[in-house]
Number of protein chains: 2
Amino acid sequence: MPAGRTVKNMNKRNELPVGVFDSGIGGLTVAREIMRQMPREKIVYFGDTARVPYGSKSKETICTYSEQIVRFLLSQEVKAIVVACNTASAYALPQIEPHCPVPIIGVVEPGARTAVRATKVGKVGVIGTKATISSGIYDRCIRDIRPGTQVLGRACPLFVPLVEEGLWEDPVTDEIARRYLLELMNEGIDTLILGCTHYPLIRKTIARIVGPDVQLVNPAYETAMELQALLERENLLASEAPSLGSAESQYRFYVSDMAEQFKTFANSIIKYGILSAKTIRIDQY
Amino acid sequence: MPAGRTVKNMNKRNELPVGVFDSGIGGLTVAREIMRQMPREKIVYFGDTARVPYGSKSKETICTYSEQIVRFLLSQEVKAIVVACNTASAYALPQIEPHCPVPIIGVVEPGARTAVRATKVGKVGVIGTKATISSGIYDRCIRDIRPGTQVLGRACPLFVPLVEEGLWEDPVTDEIARRYLLELMNEGIDTLILGCTHYPLIRKTIARIVGPDVQLVNPAYETAMELQALLERENLLASEAPSLGSAESQYRFYVSDMAEQFKTFANSIIKYGILSAKTIRIDQY
């Protein structure tokens, strides 16, 4: 086989999109970070809006759903996959990773690493869905990196509905945040992981409640950095510059339901041109 | 065929269970009413806890999910089906009814009838999920019964998460209820339909906000009455008295996820002995 053929194939593989998925809209905060940090990369995003939320569901169900989504993304010929959902990263990633034919990363490890670097007193708070917190994944991950770190978790089940209802800045969200965060504050944490991809959208409220002495960690930022390092290591970085005004072809969005509503939301948080979204039947994958 | 055989078969059919389904736990308020009003009837309940909630999802998805559940209930040899979910009653019942081999009723028509009887000023408020309210089903149903009645709908998306978080009596629930209900109050309604099966659980909060001049309509009560009338009409009433301590065999609960959590919740609102719940893969029906 001539050497040119291999190079061409490699290049072609490099230009394939990255697959990103979440139970719904939250993962868009991760997609947005990838767009910011790696403007050459194409993205295929899937939001499981027909079965959202995952955070109140069982490990088994979360694994079944995540496996279907990975099969869908592979059918779209992605070169790598980002599990942009803390709950799916906690429960499904360890099961999927061993037999996934492309590199796959989640949001938990990057978040844990940042938190360990950030904490001075060795006390890290984690907020997330019921499933993420009861999985204990952040706890395990952080202690693996730096044994002896104290990790205090708190499930915040109302944050996702409050975000989806648009109450990003609202006395009710303040009151609920106070209740959820008071105990963590009293324990003396100096670092707080936003362990659900919805939470960066109420970052201001959370910051106001915990005050300036607690550093907030948004795993989305670190996940995009980690994706870049991974693609570099695997020689998979895209090399073609995106053509002007090509947001629609560069970023493809799929959902399992409510494409119009998703599109409106996506366009409100991602400012890279008008995006559209298609509905697919995910339970057939 | 000897006449005795037919009678025996008829009797056997009468002793079959009634199927009741909801997107999750809310329909238990309807099941509870059936248990209270018709203590001889057996019930097979299905809660779609893997895909809950339905109220923020599309008509198409709600129909697909409801059809799978009806197929499951028919596989359990039910003699009739109660769609104990307003959203599924609004969107899926009209599609399923024409080809359903057993009698099937929803919660919307009974609720609408009660409201029409209750209102003196001819102004009825309806609260429910986004999907139920935007379907306009209560509006159509009420105007069919008494044209000229004014129907004012309001979606209350945070009520379900607040109920599931256990904030049944809480200042936050009061505040959210005030926001949702203020406009309806200002319009001068004298009757308010609790158009979501979760809402009876925060009935006290809602009653406190709307005051004593607004009558609350809980479709669960009327739906159980309608089921009784239907079974009488179809000669399908159960005749065998339930045996003592037989709650477990008389009432069977199935869910698509989180059976343990469902069981705890079911036992907290239904006081007919210890109930258990089994998990099934509903997307295979």
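1. Let's start with the open sheet of chain A: six strands, paired in parallel, in the order β4-β3-β1-β2-β9-β10. At its edges lie β4 (104-105) and β10 (277-279) of chain A, each pairing on one side only. Helix α14 (residues 259-269) of chain A packs on this sheet and touches β2 (43-47), β9 (251-255) and β10 of chain A, its direction making about 155 degrees with that of β10(A). Helices here are DSSP runs of H or I with at least four residues, strands are runs of E with at least two, and both are numbered from the N terminus. Strands count as paired if DSSP finds at least two bridges between them. A contact means that two C-beta atoms, placed from the backbone, lie within 7 Å. Axes are lines fitted to C-alpha atoms, for helices over the stretch in contact, and angles run from 0 to 180 degrees between N-to-C directions.

2. Before going on, a word on the source: this is a predicted model, where local features need pLDDT of at least 70 and side-chain atom pairs count only at pLDDT 80 or more, while totals for chains, interfaces and linings use all residues. Residues are numbered from 1 along each chain as its sequence is written, and chains are lettered from A and ligands numbered from 1 in the order in which they are written.

3. Within the sheet, have a look at β1 (residues 18-22) and β3 (residues 80-83) of chain A, which run parallel and are joined by four bridges. A:Val20 stands opposite A:Val82 in β3(A).

4. Chain A as a whole has 14 helices and ten strands. It is divided into domain 1 (3-106 + 222-284) and domain 2 (108-219), with bounds from an automatic or database domain assignment. The centres of these domains of chain A, taken over C-alpha atoms, are separated by 24 Å. Across the boundary, 22 residues of domain 1 of chain A are in contact with 22 residues of domain 2 of chain A. On the domain 1 side, α4(A) gives the largest share, five residues.

5. Which loop holds A:Asn218? The residue sits between β8 (215-217) and α12 (219-233) of chain A. A:Asn218 counts as buried because 21 other C-beta atoms lie within 10 Å; the cut-offs are 20 or more for buried, 12 or fewer for exposed, and partly exposed in between, with C-beta atoms placed from the backbone. Leaving aside residues up to four places away in sequence, A:Asn218 touches A:Leu194 and A:Pro200.

6. Some backbone details deserve a second look. Most residues other than glycine have a negative phi, and most peptide bonds are trans. A:Val52 and A:Pro53 are joined by a cis peptide bond, with omega about -5 degrees, and A:Pro53 lies in the loop between β2 and α3 (59-75) of chain A. A:Met258, in the loop between β9 and α14 of chain A, has a positive phi near 55 degrees. A:Met258 is buried, with 24 C-beta neighbours inside 10 Å. A:Asn235 also has a positive phi, about 55 degrees, but this residue is exposed, with 9 C-beta neighbours inside 10 Å.
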